[in-house]
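Good morning, everyone, and thank you for making time for this. Please have a look at the chain on the screen before I start talking about it.

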Amino acid sequence: MSCIGKIKLRCLDISNVTVQISKNSIGPWVTIHENKPIIHVRPWIIDAFCLPCRYVRITLPPHQPARICKIMNVFGMSAQRAKSILDPIDYEVLLNNPYTILFG
């Protein structure tokens with residue numbers, strides 16, 4: 001499990017993307033950005049709100065080739081690292097509570 005903060009993309013000809021997170025590869029998927037507009041050519045930073053997840057899915061619009069969108073960086077930290085540097089109450093509020101609300 002990780003706490004994802006930001007995702008940095010560079011997209012050339014895509015007008016928007018949908019970003020979803022999940023605790024496992026088959027879902028359920030929680031949408032954090034739907035049809036988010038992208039500014040062309042320059043890097044685009046997606047705010048993932050420091051949500052706990054294991055998988056991130058970025059969906060392109062229909063009929064857009066995947067080669068024109070490149071994931072440059074994913075920023076965040078592992079849950080183990082967060083647990084070692086946060087107080088137990090902060091860890092509960094920042095990771096356990098959102099995980100329970102999102103994924104049950």
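Predicted model: local features only at pLDDT ≥ 70, side-chain atom pairs only at ≥ 80, totals over all residues.

Residues are numbered from 1 along each chain as its sequence is written, and side-chain values use heavy atoms, with hydrogens and water left out.

By a nonpolar core I mean a set of buried Ala, Val, Leu, Ile, Met, Phe, Trp, Tyr and Cys residues joined through side-chain atoms within 4.5 Å, and buried means under 20% relative accessible area, with exposed over 50% and partly exposed in between, using a 1.4 Å probe and protein chains only. The largest core here has 16 residues, and those that touch the most other members are Ile-7, Val-17, Val-19, Ile-21, Ile-32, Trp-44 and Ile-46. Strands β1 (2–11), β2, β3 (30–37) and β4 (44–53) each supply at least two residues of this core, and β4 gives the most, with 5 residues. Strands are DSSP runs of E with at least two residues, helices are runs of H or I with at least four, and both are numbered from the N terminus. Another core, of 5 residues, lies apart from it and includes Cys-3, Ala-79, Ala-82 and Leu-95.

Now to Ser-22, which is in strand β2 (residues 16–22). Is Ser-22 buried or exposed? Ser-22 counts as buried because its relative accessible area is 0%. Contact means heavy atoms within 4.5 Å, and, leaving aside neighbours within four places in sequence, Ser-22 is in contact with residues including Gly-27, Pro-28 and Phe-103.

Pro-28 sits in the loop between β2 and β3, and a cis peptide bond, with omega of about 5°, joins Gly-27 to Pro-28. Asn-35, in strand β3, has a positive phi of about 50° although it is not a glycine. Phe-49, in strand β4, is not a glycine either, yet has a positive phi of about 60°.

Finally, Val-93 lies in helix α2 (residues 88–103), and it counts as partly exposed because its relative accessibility is 48%.
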